[in-house]
Amino acid sequence: MPPSLERTKKTGEDTELPLSPVNTATLAGDVCPPKLSDTEQQITQDGIAKFSRLGWKRLTILLVVEAIAIGALSLPAAFATLGMVVGVLLNVIIGFIAIYTGYLVGKVKLLHPEVRHYGDVGRLLLGRTGYEVLSFMLILQLLFLAASHCLTGATAFSNITDNATCSVVFSIVSAILMYLLSIPPSFAEVAILGYIDFASIILAIGITIIATGIQRNDHHSNQIDVQWSAGPKADLSFTECFTAVLNIIFAYGFTTCQFSFMDEMHTPADYMKSIWSLGLIEISIYTLTGALIYAFVGPNVEAPALLSAGPLISKIAFGVAIPVIFISGAILVTTAGRAIHGRIYANEITRFINTTKGWTTWLLVILALVIVGWVIAEAIPFFSDLVALISALLNSGFTFYFPAVMWFVLLRTGEWNSWRNLGLGALNVFIFCLGIFCLVGGTYASVQSIIDQYQQGFAGKPFGCK
């Protein structure tokens, strides 16, 4: 029987139930003091119940919210660079690879229920050093992604209002909204907001597709030909090609938070229902969005594509997408906050965030994270390129080469020369190489873009109005 399951008797039959959070904590070495008062025991039981409510449907929503955001509207520009055929093929292939790496991440969680986030995987792979390194990488990735949502919120407000107000003011408003949405510490609670988030991004994408489709009909009426190409665009540079490929690859990077989300599941073995649902939703949305908008707009499609739908429609789409910007950002802050708060109070009932001390420290932790994220977003004049650089350095590991290493070190069973292990070994070597490809090539493309920004004078000023 896998170590993540315990056996109990029910109606005369053996039934497998997921290991309780108490036993999970014990396996991790995070145990409450052995002598607890009645009040402390009640707080502990309430805390266990609070953080064991996530089912596979809400897990799906959380993963969708983490994976699919307004960045999906950058895919038509990637299609314009790579061509329709390569764009569609890459979307489908990378989508199924992401489903497989999500499967590997979930298997590790089932076999090692003490794993609460990616840092704990580092401990399994490389001991204390691995734990510290991967924990740092996780928090850094989440901070930069949350900061990008804060900055995107400022851009949305500026676009919607046509206001001359300094963008720093809008970014402060964005940070406040993201902080307020980050307050619920349980992913089961945040998942409720996820339904709003999902509806929001579907509407924003739908509005953009419909608007660009109508514009295409108008162009035909005026005898203006909109040309899309099955092959890559002419005079394609290496940096342009690589940036387009990375936009597609990183659109499928949902495994960063998967360990954290699964830690709240009441039935972790159901996780593959969520992974398949998310993977098929992503493949469908990304392929349709990229292909249709590129076909409607042609090679001059902008990124994000809603800017190609005209001033009025872009305002409407940005307005509809506001929940996406802040709810997705808040989930990233919550994930980072849970990792930090859980480490500070690993052996105390305060970790359950259902006492005065627990709530006070939780609010301070997420406040600190939001402030740091806001400062990062405003202090770096080439922030969008820096986010791309961080994603190349970190997300390539969380999405590709770390899961591949997990298969070799933690999941592989049986003889190496079995057909099953030879096939899976070859697949995981390919995924590992794909991750290294993203790491090296993405880092090069991002650094080159930052250099170009400075040489062309496009780099802004820290805390400047944009």
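Visitor: How are helix 6 and helix 7 oriented to each other?

Guide: Two packed helices are described by the angle between their axes and the distance between the axes. In this predicted model, the axes of helix 6 (residues 118–161) and helix 7 come within 8 Å and cross at roughly 125°, the axes being lines fitted to C-alpha atoms, for helices over the stretch in contact, with angles that run from 0 to 180 degrees between N-to-C directions. Helix 6 and helix 7 are therefore oblique to each other, given that angles under 35 degrees count as roughly parallel, over 145 as roughly antiparallel, 65 to 115 as roughly perpendicular and the rest as oblique. Helices here are DSSP runs (H or I, at least four residues), as strands are (E, at least two), numbered from the N terminus.

Visitor: Which residues of helix 6 and helix 7 make the contact?

Guide: With contact meaning heavy atoms within 4.5 Å, helix 6 contributes Ala146, His149, Cys150, Gly153, Ala154, Phe157, Ser158 and Thr161, while helix 7 contributes Ser167, Phe170, Ser171, Val173, Ser174, Ala175, Leu177 and Met178. By class, the contact of helix 6 with helix 7 has nine nonpolar, seven polar and no charged residues, where Ala, Val, Leu, Ile, Met, Phe, Trp, Tyr, Cys and Pro count as nonpolar, Asp, Glu, Lys and Arg as charged, and the others, Gly among them, as polar.

Visitor: At what angle do helix 5 and helix 11 cross?

Guide: The axes of helix 5 (residues 84–111) and helix 11 (residues 271–297) cross at roughly 165° and come within 9 Å; helix 5 and helix 11 are therefore roughly antiparallel to each other. Their contact, by class, has 17 nonpolar, six polar and one charged residues.

Visitor: What does Leu369 touch?

Guide: Leu369, found in helix 13 (residues 356–379), is buried, with a relative accessible area of 9%. Not counting residues up to four places away in sequence, Leu369 touches Leu143, Val333, Ala336, Gly337 and Ile340. The C-alpha atoms of Leu369 and Leu143 are separated by 7.1 Å, although these residues are 226 residues apart along the chain.

Visitor: Where does Ser186 lie?

Guide: Ser186 lies in the loop between helix 7 (167–181) and helix 8 (187–221), and is buried, with a relative accessible area of 0%. Among the residues that Ser186 touches are Lys50, Glu264 and Arg338.

Visitor: How many residues does the largest nonpolar core have?

Guide: The largest nonpolar core has 137 residues, and those with the most contacts inside it are Tyr118 and Phe261; such a core is a set of buried Ala, Val, Leu, Ile, Met, Phe, Trp, Tyr and Cys residues joined through side-chain atoms within 4.5 Å. Buried residues make up 53% of the 466 residues in the protein chain.

Terms used:
Residues are numbered from 1 along each chain as its sequence is written. This is a predicted model: local features need pLDDT of at least 70, side-chain atom pairs count only at pLDDT 80 or more; totals for chains, interfaces and linings use all residues. Side-chain values use heavy atoms; hydrogens and water are left out. Buried means under 20% relative accessible area, exposed over 50%, partly exposed in between (1.4 Å probe, protein chains only).
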